[in-house]
Each structure stands twice: as C-alpha cells, then as structure tokens.
Amino acid sequence: MKVVLFCGGYGMRMRSGAADDVPKPMAMVGPRPLIWHVMRYYAHFGHTEFILCLGYGAHHIKDFFLNYEETTSNDFVLRGGKTELLSTDIADWTITFAQTGIESPIGERLRRVRHHLDGDEMFLANYADVLTDAPLPEMIDRFARRDAGASMMVVPPQSSFHCVDLGEDGLVGGITAVSELPLWENGGYFVLRQEVFDHIPEGGDLVADGCAQLAKRGRLVAHRHRGFWKPTDTVKERAALDDAYARGDRPWAVWERDGAGVNA
C-alpha cells in the first residue's frame, strides 16, 4: 500500500530560532530524522511506496534523500577504497516528492497528491512526526474487513495534567489524571479509502472535514492503541526521544527486533 506523509508544516514549536527553517519531520532522533523513523516503520511491514507532501523547508527533505548515506545506519566493509554495504535502508523504497504548498491544510495536501495514488482503493497516511510500535498489519486487516471510509488510530490522552471536579460551592469533589479519563486522542496513523476525498473540500482538513463527515455518516472507525506512542510537537519531546534512542530504549524501532518480519 502507498503511504502518504504530510511533511510540509512550519513546526513552529520545534524551531530553535528565527534562522531555523528545518521542517519538523527533519528533526533528528539518533543519527536519522523523524521522517526516516516513520518510513522505516512502514517499510518494515512491507509498505515501501511513499508520497511526501512537501511545503515549508522542502529542500531539507529533498537534500536528505538525494544525498542519503547508507553507511550512517548500516554495517559495511571498506575494501580497496570502495564501500561494500552489508545491508541497506532505502534501496527498495520508491519516494515521490510532491510540492503541496506552504500554507496548505492537511486535507488540501492530500487532495493535491490524489493523482499519485493511481486510484488505489486503500492507502495509508501519517503526519510524519509521531512514533509508535502499533501493530500496523492488524490495523489494516481490521479496517479492510469493515465497511468504512477511514480508520484513525486513537491513543489515551497524553497530558500530565489533572482534571478537577468542582462543586458549585467551590469544593473539590475529586482529582483525576487526564490519562485516566475515558477519552481518546487522534494518534495520527490513518488507513483510508478513496471515499475520504468526497468529504474534503478545497482548502479543507483531513480530520476536521474528511473524518468528521465520515463520522457523521457512520463511516469512520477507530483503532485503539495503548502501547508506545510519542508525539514530537516540541523541542522537549524531540529531545526525550533522542535521549531514549541513545539509551537503546526505542520501542518504535520495530525493524530492530530479531526475526520480526519484513525488512527486519
């Protein structure tokens, strides 16, 4: 299945200064940027056709792949001044680089790459800035068996704050961690059918327009995931993932698990 990645936003909360024009998916986690980790996740399960919806800082993403160094994350032999790779990351990937506008909402970016999907009944989509260990084959299989237009992975609320139950007299009746509330957040991993395009207007949004309309029609399903899931909306969150990578604590790297399927 083709994978559409939205990687054209400004990512203002990830920027360290006015001169920093690197898009959020290019923020580093270990020796590789976020987008690489997301793509390796999909490739591990056999999905190696990617469509990158570019916008802000597109040249950084293009340069990374055009000048890709396999030796950064693969073992190799240097013999007679020539490099012999013992394994590769992206040799079997097909990547389409599509400029989808600087200010375009997510839904509009998706609309602008529809022709690259070749009319495929189902395809995958992702914000390119969230890491997870979710069982992708299960997510796809469950959706394929359903009569629905879209599937959205949902996760428990990630906030560390607490909700306070107040009475009219101002007395606190209880305190509950947000993560313990019966609520779910959009996890950013989508399985979609072409039907979603019927509900995204020009300049529209994937979730607020497309998914919301499908939900009203009973055509949106959710895949609940309580395992590892980490966003990278801020510098602090990116740094935490980078530190975890350095410690060898990287559950999202499903491709590193021994005997774990395709492209392990």
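Arg250 comes out as partly exposed, since its relative accessible area is 22% (buried is under 20%, exposed over 50%, partly exposed in between, with a 1.4 Å probe and protein chains only). Its side chain meets that of Glu256 in a salt bridge at 3.0 Å, N to O (the criterion being a side-chain nitrogen of Lys or Arg within 4 Å of a carboxyl oxygen of Asp or Glu). Glu256, at 39% relative accessibility, is also partly exposed. Salt bridges with shared partners tie Lys2, Glu49, Asp118 and Asp120 into one network.

As for provenance, this is a predicted model, with local features needing pLDDT of at least 70 and side-chain atom pairs counting only at pLDDT 80 or more, while totals for chains, interfaces and linings use all residues. Numbering runs from 1 along each chain as its sequence is written, and side-chain values use heavy atoms, with hydrogens and water left out.

The structure holds 16 salt bridges. One of them pairs Asp233 with Lys24, with 3.0 Å between the closest N and O atoms. This one links distant parts of the chain, 209 residues apart: Asp233 sits in the loop between β15 and α6 (235-247), and Lys24 in the loop between β1 and β2 (28-29) (helices, H or I, at least four residues, and strands, E, at least two, are DSSP runs numbered from the N terminus). Lys24 is buried at 14%, whereas Asp233 is partly exposed at 27%. Glu84, partly exposed at 35%, bridges to Arg79 with the closest N and O atoms 2.5 Å apart.

Lys24 turns up again at the largest pocket, where it is among the residues closest to the centre, along with Phe6, Ile106, Tyr127 and Asp129; the lining has 23 residues in total. The space in this pocket is about 430 Å³ (on a 1 Å grid over the protein atoms alone, a pocket is an open set of points where a 1.4 Å probe fits, with protein on both sides within 12 Å along at least five of seven lines, and lining residues have an atom within 4 Å of a point; the volume is that filled by probe spheres set on the points, which are joined across faces, edges and corners). β13 gives the largest share of the lining, three residues.

Disulfides (cysteine sulfur pairs within 2.5 Å) number zero. Cys211, buried at 2%, has its closest cysteine sulfur 15 Å away, in Cys53, so the two are too far apart for a bond.
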